[in-house]
Amino acid sequence: MSYPTKHALETPTLLSRHQGDPAVKTLEGWRGVGGYETLRHAAGMAPDDITGIVRDSGLRGRGGAGFPTGLKWSFMPKDDGKPHYLCCNADESEPGAFKDREIIRWTPHLLIEGCLIAARAIRAGHVYIYVRGEFFQETVPLTDAVTEAYEAGIIGKNVMGTGWDCDLTVHFGAGAYIAGEETGLMNSLMGNRAEPWAKPPFPAQAGAFGMPTTVNNVETLATVPMIVDGGAQWYRQWGTEKSPGTKLWSCSGHLVNPGNYEFELGVPLSKIIFDVCGGAPGGKKIKAVIPGGSSTALLAGDELDCDTTYEGLQEAGSSLGTASPIVMDEDTDIVAAMRRIAQFYAHESCGQCVQCREGTSWVVQILQRIEAGDGKPEDIGTLYDLCEQMTGRTICVLADSVVFPLKSSLDKFRHEYEAKMTRSPMVAAGAAG
Ligand SMILES: Cc1cc2nc3c(=O)[nH]c(=O)nc-3n(C[C@H](O)[C@H](O)[C@H](O)COP(=O)(O)O)c2cc1C
Ligand code: SF4
């Protein structure tokens, strides 16, 4: 497949360029644009050579943490004689994110191709695509594409006549946020409750079915064929040294033009929000943006001139996460917004860790009473204490995911919390006493 060069594109569309074209959903259509030629080539390559290209490209995992993909693959054992698995994480559970489902819906063969190339690199003989059960519309094209690819000898025994065997199964989850966490996902895949486990063991040591496993996000895997085809330096035309390439951005909230967009990593966040998405409807000011999906720290409206790289958003005090900015205009009630986010996490906590199970529901209770004008004088201090207790102490980072937006909102919009507190008869009584 021939991929565009930087000069040919003002706005790069590497991942998204076939989205919206129903013709490429079919095997014939995908082959018509050069699809599966990279797989044919990669199936004859040495696994470590594939890993080397992906490592040199600097691709970082698109599931939220930004872990270098080639490095992750290199953790898989080489001559252990055990079955290896690749799990494609298609749970897409982060509030604000809606980009993986579009890859699945429009370019299912691209995802299959990426999965098989990654499987070759990590010496896996079986790929599981773990899909959120509610994605019915999206998974029909995916399951159709898998059937077509099996029938054409692209998946299964003797992949494309290369003598290499690799199976692929689409597995449906039941729509729990925690099933997107990689160890929760593998537990769910094995028929257990989707409860994360404490690491070690890491997935590359003992993952699905106790065997060496790599878990990668849909967007990560869909990027792999073009990197293997175009080469590491070609991919590095876009982005920065530490954040190479392009990225899909799911932009939602108070925007004139919400939607999915592909950008070179590094464009200013303000350009995405104002120039492309048109700012807030009615010319309203933007009060805050949660840039990377609901589990990242909130930026105030005057902090949007940061670069959209992993390092740029970290410097700005937040993180790139799943690149899913949720925009809140000047009329947004920050306390109500945080209460709603906290309710989501309290509902989705798997309950194994006290700090998460109890902490998330206490946060909800406190925010509810502040919002209702019944806040107690000590409530803001208690919320800060809870943030402290819920950080870095649990099996997975769901508890931390509440803390990032909550603590940043307390730091930046404390006056909104206090304004509701001063309406409270309990605070008034406390002040009088
Ligand atoms: C609570 C929680 C939910 C997650 N949900 C998802 C998800 O829906 N999709 C995803 O790709 N990664 C999700 N992740 C991240 C995965 O654990 C894992 O890091 C990722 O799938 C690895 O893929 P990558 O290296 O390609 O980014 C979640 C993590 C946590 C802690
Ligand atoms: S942090 Fe929460 S979701 Fe994660 S394992 Fe502990 S209780 Fe479960």
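How far apart are the mean positions of the positive and negative charges of the protein? The mean positions of the 38 positive and 53 negative charges are 2 Å apart. Lys and Arg are counted as positive and Asp and Glu as negative, with His and the chain ends left out. Each charge is placed at NZ of Lys, CZ of Arg, CG of Asp or CD of Glu.

1. Basis of the note. This is a predicted model, in which local features need pLDDT of at least 70 and side-chain atom pairs count only at pLDDT 80 or more, while totals for chains, interfaces and linings use all residues. Residues are numbered from 1 along each chain as its sequence is written, and side-chain values use heavy atoms, without hydrogens and water.

2. Overall make-up. The protein has 18 helices and nine strands; helices (H or I, at least four residues) and strands (E, at least two) are DSSP runs numbered from the N terminus. The radius of gyration is 23 Å, close to the 22 Å that the globule rule gives for 433 residues, so the protein is as compact as a globular protein of that length. That radius is taken over C-alpha atoms, and the rule is 2.2 Å times the number of residues to the power 0.38. Along the principal axes, the C-alpha atoms fill a box of roughly 85 × 45 × 35 Å.

3. Surface and burial. The accessible surface of the protein comes to about 17,100 Å², and 52% of this belongs to carbon and sulfur atoms. Areas come from the Shrake-Rupley method with a 1.4 Å probe; for residues, only the protein chains shown count as cover. Of the 433 residues, 57% count as buried. Buried means under 20% relative accessible area, exposed over 50%, and partly exposed in between (1.4 Å probe, protein chains only).

4. Contacts along the sequence. Among contacts between residues at least 6 apart in sequence, 71% join residues at least 24 apart. A contact here means heavy atoms within 4.5 Å.

5. Nonpolar cores. The largest nonpolar core has 59 residues, and those with the most contacts inside it are Y36, L39, I112, C115, I129 and L168. Helix α6, residues 108–121, gives the most to this core, with nine residues. Apart from it lies another core, of 49 residues, including V335, Y345, C353 and L386. Such a core is a set of buried Ala, Val, Leu, Ile, Met, Phe, Trp, Tyr and Cys residues joined through side-chain atoms within 4.5 Å.

6. L168. Which residues does L168 contact, leaving aside its neighbours within four places in sequence? They are I112, C115, H126, V127, I129, V146, Y150 and I155.

7. V131. This residue is placed in strand β2, residues 126–131. V131 counts as buried because its relative accessibility is 0%. Not counting residues up to four places away in sequence, V131 touches A90, T139, L142, V170, H171, F172 and G173. V131 and N158 are 27 residues apart in sequence, and their C-alpha atoms are 26 Å apart in space.

8. Positive phi values. N158 has phi near 60°, a positive value in a residue other than glycine. N158 is in the loop between α7 (136–151) and β3 (167–172), and is partly exposed, with a relative accessible area of 37%. Phi of R123 is also positive, near 60°, again in a residue other than glycine. R123 is found in the loop between α6 and β2 and counts as partly exposed at 29% relative accessibility.

9. Cis peptide bonds. K199 and P200 are joined by a cis peptide bond, with omega about -5°. The bond from P200 to P201 is cis as well, with omega near 5°. P200 is placed in the loop between α8 (182–189) and β4 (213–217), and P201 lies in the loop between α8 and β4.

10. S270. Is S270 buried or exposed? S270 is buried, with a relative accessible area of 15%. The residue belongs to helix α11, residues 269–276. Leaving aside neighbours within four places in sequence, S270 is in contact with D275, L304 and D305. S270 and D307 are 37 residues apart in sequence and 8.7 Å apart from C-alpha to C-alpha.

11. F413. This residue is found in the loop between α16 (398–412) and α17 (414–422). F413 is buried, with a relative accessible area of 6%. Residues up to four places away in sequence not counted, F413 touches K287, A288, L298, A300, I334 and S408. F413 and I334 are 79 residues apart in sequence but 7.5 Å apart in space, C-alpha to C-alpha.

Definitions and conventions. Chains lettered and ligands numbered in written order.
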